[in-house]
Amino acid sequence: DTVTVGTVKHTKQECFVKAVEIDPTYSHAWYNLGNSLTPPDTATVGTGTYTQQECYLKALEIDPTDSQAWGNLGNSLTRKDTVTVGTVKHTKQECFVKAVEIDPTYSHAWYNLGNSLTPPDTATVGTGTYTQQECYLKALEIDPTNSRARN
């Protein structure tokens with residue numbers, strides 16, 4: 001997909017790069033730049049080069065309450081990976097927990113949290129403890145059309 005500005009065509013990624021070059025504190029532009037990348041692709045912003053994961057980390061550095069950035073950061077990790085946000089290390093599962101603690105109505109994060117669990121493991125969200133199946137049910141309760149949680 002491209003957008004034309006004047007007579008010049010730009011890709012979505014080029015638009016997000018321009019947005020963060022204009023305003024490096026625009027967290028949603030960092031988040032969208034991350035979404036525009038497919039690993040191992042990178043984006044050059046100014047003199048820096050950023051991976052998808054680094055874009056999500058920049059978004060969270062600016063706005064640690066961005067539930068979607070937490071969810072996508074979790075998706076960028078393997079089960080064994082950890083990532084440091086601020087000064088705290090987080091696992092894939094912990095990223096999804098953060099996402100649903102920030103936005104309890106984030107159906108895809110509930111689904112991904114369930115996916116990160118291997119029965120009989122559970123995840124603690126706030127004061128509740130959830131099994132894999134309970135996470136999937138929560139995702140469906142929020143969004144009955146979430147076909148991935150159905151399977």
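## Notes on the predicted chain

1. Of the contacts in the chain with a separation of 6 or more, 38% are between residues 24 or more positions apart, where contact means heavy atoms within 4.5 Å. One thing to keep in mind while reading on: this is a predicted model, so local features need pLDDT of at least 70 and side-chain atom pairs count only at pLDDT 80 or more, while totals for chains, interfaces and linings use all residues. Residues are numbered from 1 along each chain as its sequence is written, and side-chain values use heavy atoms, with hydrogens and water left out.

2. Overall layout. The chain has eight helices and eight strands; these are DSSP runs numbered from the N terminus, with helices being H or I of at least four residues and strands being E of at least two. The C-alpha trace spans about 55 × 35 × 25 Å along its principal axes. Of the 151 residues, 38% are buried, and here buried means under 20% relative accessible area, exposed means over 50%, and partly exposed is in between (1.4 Å probe, protein chains only).

3. Surface and charge. The accessible surface comes to about 8600 Å², and carbon and sulfur atoms hold 50% of that; areas are from the Shrake-Rupley method with a 1.4 Å probe, and for residues only the protein chains shown count as cover. There are 12 positive and 17 negative side chains, and the centres of the two sets sit 4 Å apart. For the counting, Lys and Arg are positive and Asp and Glu negative, with His and the chain ends not counted. Each charge is placed at NZ of Lys, CZ of Arg, CG of Asp or CD of Glu.

4. The core. The largest nonpolar core holds 38 residues, and W30, L33, W70, L73, W110 and L113 have the most contacts inside it. Helix α5 (residues 92-102) gives this core its largest share, five residues. A nonpolar core here is a set of buried Ala, Val, Leu, Ile, Met, Phe, Trp, Tyr and Cys residues joined through side-chain atoms within 4.5 Å. As a zoom-in, L113 touches Q93, F96, V97, V100, A123, V125 and C135, leaving out residues up to four places away in sequence.

5. Helix α6. This helix is mostly covered, with eight of its ten residues buried. The buried set is S107, A109, W110, Y111, N112, L113, G114 and S116. What do the buried residues of α6 pack against? The list is α4 (67-75), α5, β7, β8 (128-131), α7 (132-142) and α8 (147-150).

6. Helix α4. This one is mostly covered too: seven of its nine residues are buried, namely S67, A69, W70, G71, N72, L73 and G74. Their cover includes α2, α3 (52-62), β5 (82-85), β6 (88-91) and α5.

7. A29. This alanine belongs to helix α2 (residues 27-36) and counts as buried because its relative accessibility is 3%. Apart from neighbours within four places in sequence, A29 is in contact with F16, A19 and V20. A29 and A123 are 94 residues apart in sequence and 30 Å apart in space, C-alpha to C-alpha.

8. T129. This threonine lies in strand β8 and, at 48% relative accessibility, is partly exposed. Leaving out residues up to four places away in sequence, T129 touches T122, A123, T124 and E134. T129 and E54 are 75 residues apart in sequence and 30 Å apart in space, C-alpha to C-alpha.

9. Cis peptides. Most peptide bonds are trans, so check these two. A cis peptide bond joins P39 and P40, with omega about 15°, and P40 is in the loop between α2 and β3 (42-45). Another cis peptide bond joins P119 and P120, with omega about 15°; P120 is in the loop between α6 (107-116) and β7 (122-125).
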